[in-house]
Amino acid sequence: MPYNINNNSCGENRIFFETFFTGWLIRQKNYLDQLMSAGKNFQNISEMELRSLVFQILTHYQQYYTAKVTAARKDVFVMFAPPWFSSYELTYLWITGFKPSLAFKILDKSVVNQDKLSDEQLEALCRLRVQTKAAERVLNNEMARVQESLALPPLVALRINPAGRRVDGGETVDAAMQTVTKEMEILVESADFLRITTAMKIVEILSPVQSVRFLAAATQLQVNIRMLGLQRDAERGGRSITGSAQE
């Protein structure tokens, strides 16, 4: 974390986001129940109702990313190892979240085995999968570039002499750190944008029933990973989840 960031401000920001995240998880479980019920009883639910539920779920995830953007702009570094995540959840992080292409693995198991996709749907999903993978590679390269910049002289000097303000060439440590911080913020926002737009494009290709089943599987996976992660940490007496975002 940059030495010039106000720690009190960062602490308040984390508490605020953790409080939001706790409420968000509660709503997520409620939505999961609705998705599971709709997926089983879709014959008795109108297409308009199914579309409305899908819209609510996507809006729910968009609210998470909106709150995350605000939190990341105040302390982007904490988003790469969030104290409100379990150790197991951290293993799934790719630029502070799930890898967008994971959506296609979920899709294969949740929809293809239950509903036959049309040739048009398969072709559209194939194109989207290729586009998503390509976008991931671009972000991977950008992440590598930002990580390499952390080894540049201004930031190395910060580690060697934290009290020093100026380094070779007259560049300040503050300026170097601000540049890296801004690049990381942009990187996180770009990755989140790819995550949510990938999900939205998949839903646009699927039918309402297929969309409900896809979103149910995606939400169930996230809930299961969190529950398993918290259980493992508790059994090992290891990582302690901060704040109240444990449920």
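**View 1. The largest nonpolar core.** This core holds 53 residues, and those with the most contacts inside it are Ile202 and Phe214. At least two core residues each come from helix 1 (7-40), helix 2 (47-74), helix 4 (102-112), helix 5 (119-149), helix 7 (173-205) and helix 8 (208-236). Helix 2 gives the largest share, eleven residues. A nonpolar core is a set of buried Ala, Val, Leu, Ile, Met, Phe, Trp, Tyr and Cys residues joined through side-chain atoms within 4.5 Å. Buried means under 20% relative accessible area (1.4 Å probe, protein chains only). The model is predicted: local features need pLDDT of at least 70, side-chain atom pairs pLDDT 80 or more, while totals for chains, interfaces and linings use all residues. Numbering starts from 1 along each chain as its sequence is written, and side-chain values use heavy atoms, without hydrogens and water.

View 2. Contact means heavy atoms within 4.5 Å.

**View 3. Helix 2 against helix 8.** The two axes (lines fitted to C-alpha atoms over the stretch in contact, angles from 0 to 180 degrees between N-to-C directions) come within 9 Å and cross at roughly 35°. Glu47, Leu50, Arg51, Val54, Ile57, Leu58 and Tyr61 of helix 2 meet Pro208, Val209, Ser211, Val212, Leu215, Thr219 and Gln222 of helix 8. Helices are DSSP runs (H or I, at least four residues), numbered from the N terminus.

Terms used. Buried means under 20% relative accessible area, exposed over 50%, partly exposed in between (1.4 Å probe, protein chains only).
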